Amino acid sequence: MWKDIQEAPADAILGLTEAFKNDTNPDKVNLGVGVYKDEQGLTPVLKCIKAAERVLVDEQDSKGYLPMTGSPSYAANVQKLLFGAESEVISSRRAATAQTPGGTGALRVGADLLNKFKPEATLWVSTPTWANHKGIFSSAGFKIGDYPYYNPATRGVDFDGMLECLSAVPTGDIVLMHVCCHNPTGVDLTDDQWDQIVAIAVDKGWTPFLDFAYQGFGDSLESDRDAVEKFAAAGIDFYVASSFSKNFGLYNERTGALTVVSPTAEESKVAMSHLKVAIRTNYSNPPAHGGLAADGVLNDPTLYAQWVDEVAEMRVRIKEMRQALVDGLAARGVEQDFSFIAEQRGMFSFSGLSDEVVAWLKENKAIYIVKGGRINVAGLTPSNIDYVCDAIAVALKA
Ligand code: LMR
């Protein structure tokens with residue numbers, strides 16, 4: 001059946017990793033996929049996770065299925081992280097949480113759930129957004145709309161454009177937003193801007209869908225969730241896809257959650273029943289290991305404290321590499337001012353490097369950067385930073 005069918009294009013992000021693996025250049029650097037690397041260039045298993053895994057191996061006596069929505073203890077811990085332990089959303093039982101295969105699984109289950117009841121709705125994404133967002137929601141059947149977000153001229157948010165567009169989004173449509181550490185730009189809304197967005201959502205009656213994949217990589221686990229708390233306080237329906245890939249380093253364990261927040265506990269019960277159907281018809285029930293390990297950390301005060309420290313360590317190292325990149329380019333006499341890179345948040349820097357420069361760096365220096373100029377700052381290390389700065393300086397002068 002395939003002889004008349006054209007090959008699909010390589011994935012914008014994971015396709016780069018495949019090409020990187022096949023590259024024989026010993027100096028190669030992967031600044032593509034959003035995976036944390038330590039100073040040695042390794043993606044470590046967090047110490048808190050190792051400790052929880054040891055307990056799991058010793059004490060686990062069955063590999064029987066998890067419930068369709070995963071471990072109840074995990075779901076309760078996810079809610080505490082998303083809303084704060086004392087949140088009214090939790091005490092009022094307004095949130096239904098399912099453990100999912102990563103943040104991507106959460107987005108897809110949420111997309112299926114919404115599409116079942118809102119097949120005519122448009123799903124709105126920021127310009128730009130994570131390369132997989134449009135694919136996930138269009139595969140689930142949604143039409144996609146774009147709202148302004150990044151302004152290349154100011155290297156900040158085009159808030160007026162965003163506000164104008166979201167004020168005109170019809171009631172019943174869905175608006176996907178990044179809670180913190182916007183992927184790919186690293187540029188976030190201020191507190192005051194979030195207040196205005198929440199007010200528009202309430203006023204216009206569209207449904208917020210929050211993608212929360214980088215909790216802890218902005219300022220802290222607590223302050224990074226400010227926007228989630230604001231939507232929770234508004235008492236409206238909204239969705240949160242969260243991920244432990246980055247903050248727990250559980251990339252290949254596919255450990256995430258979908259949380260559906262409703263105005264009342266009664267509605268939340270209905271949401272949960274349909275959430276189970278969406279999961280059952282997708283993958284039946286989630287993989288267990290990553291979720292159980294994370295849950296082991298979240299239930300143990302000592303391991304929890306260790307986790308908070310390990311997240312801070314990753315956050316600080318990334319910030320240091322931002323500064324090293326800015327300083328390294330300036331030291332090489334690059335004319336353009338790259339100081340904005342130090343202000344961006346999270347794993348990524350929207351570097352402003354053109355697609356031509358990105359292609360040149362790959363061809364000539366085996367430095368892999370996502371088209372559009374997104375750099376995974378966490379891929380920079382003390383060992384490769386000089387090589388990368390040299391290469392970018394040459395490319396910009398070429
Ligand atoms: C990224 O944006 O690089 C990560 O979220 C990994 C992925 O799946 O694309």
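Buried here means under 20% relative accessible area. Keep that cut-off in mind for this tour of a predicted model.

**Stop 1: helix α1**

Select residues 14-22, helix α1. Its buried residues are G15, L16, T17 and F20. Show their surroundings: they pack against β1 (29-30), α14 (355-365) and β12 (367-368).

Now pick T17, within α1. At 16% relative accessibility, T17 falls under the 20% cut-off and so counts as buried. Setting aside neighbours within four places in sequence, T17 touches N30 and V33.

**Stop 2**

Move to T127 and P128. The peptide bond from T127 to P128 is cis, with omega near 0 degrees. P128 sits in the loop that links β3 (122-127) to α6 (133-139).

**Stop 2: R155**

Go on to R155, in the loop between β5 (150-151) and β6 (156-157). R155 is not a glycine, yet its phi is positive, about 55 degrees. Is its side buried or partly exposed? R155 has 27% relative accessibility and therefore counts as partly exposed.

**Stop 3: into helix α8**

P184 belongs to the loop between β7 and α8.

Follow the chain into α8, residues 191-204. This helix has 14 residues. From first C-alpha to last, α8 reaches 20 Å, close to the 20 Å expected at 1.5 Å a residue.

Colour Q193, W194, I197, V198, I200 and A201, the buried residues of α8. Turn the view to look down the helix axis. The buried residues fall within an arc of 160 degrees, so they line one face of α8. What do they pack against? Their partners are α7 (159-167), β7 (174-178), β8 (207-212) and α9 (226-233).

Step off the end of the helix. G205 follows α8, and its phi is positive, near 80 degrees.

**Stop 5**

Select helix α10, residues 265-280, and find A278 in it. With 10% relative accessibility, A278 counts as buried. A278 and V109 are 169 residues apart along the chain, but their C-alpha atoms are separated by 6.1 Å.

Next, S284, in the loop between α10 and α11. Its phi is near 75 degrees, a positive value in a residue other than glycine. The relative accessible area of S284 is 17%, so S284 is buried.

**Stop 4: helix α11**

Select residues 289-298, helix α11. How many of its ten residues are buried? Seven are, and α11 is mostly covered. Colour them: G290, G291, A293, A294, D295, V297 and L298. The cover over these buried residues includes α2 (47-59), α3 (72-83), β2 (95-100) and α12.

**Stop 5**

Two packed helices are described by the angle between their axes and the distance between the axes.

Show the side chains at the contact. G296, V297 and L298 in α11 meet L303, Y304 and W307 in α12. By class, this contact has five nonpolar residues, one polar and no charged ones.

Terms used: Residues numbered from 1 in each chain as written. Predicted model: local features only at pLDDT ≥ 70, side-chain atom pairs only at ≥ 80, totals over all residues. Heavy atoms only, no water. Helix = DSSP H or I, 4+ residues; strand = E, 2+ residues; numbered from the N terminus. Expected span 1.5 Å × (residues − 1). Buried < 20%, exposed > 50% of the residue type's maximum accessible area, 1.4 Å probe, protein only. Arc of directions from axis to C-beta. Contact = heavy atoms within 4.5 Å. Axes fitted to C-alpha atoms, helices over the stretch in contact; angles between N-to-C directions. Nonpolar A, V, L, I, M, F, W, Y, C, P; charged D, E, K, R; others polar.
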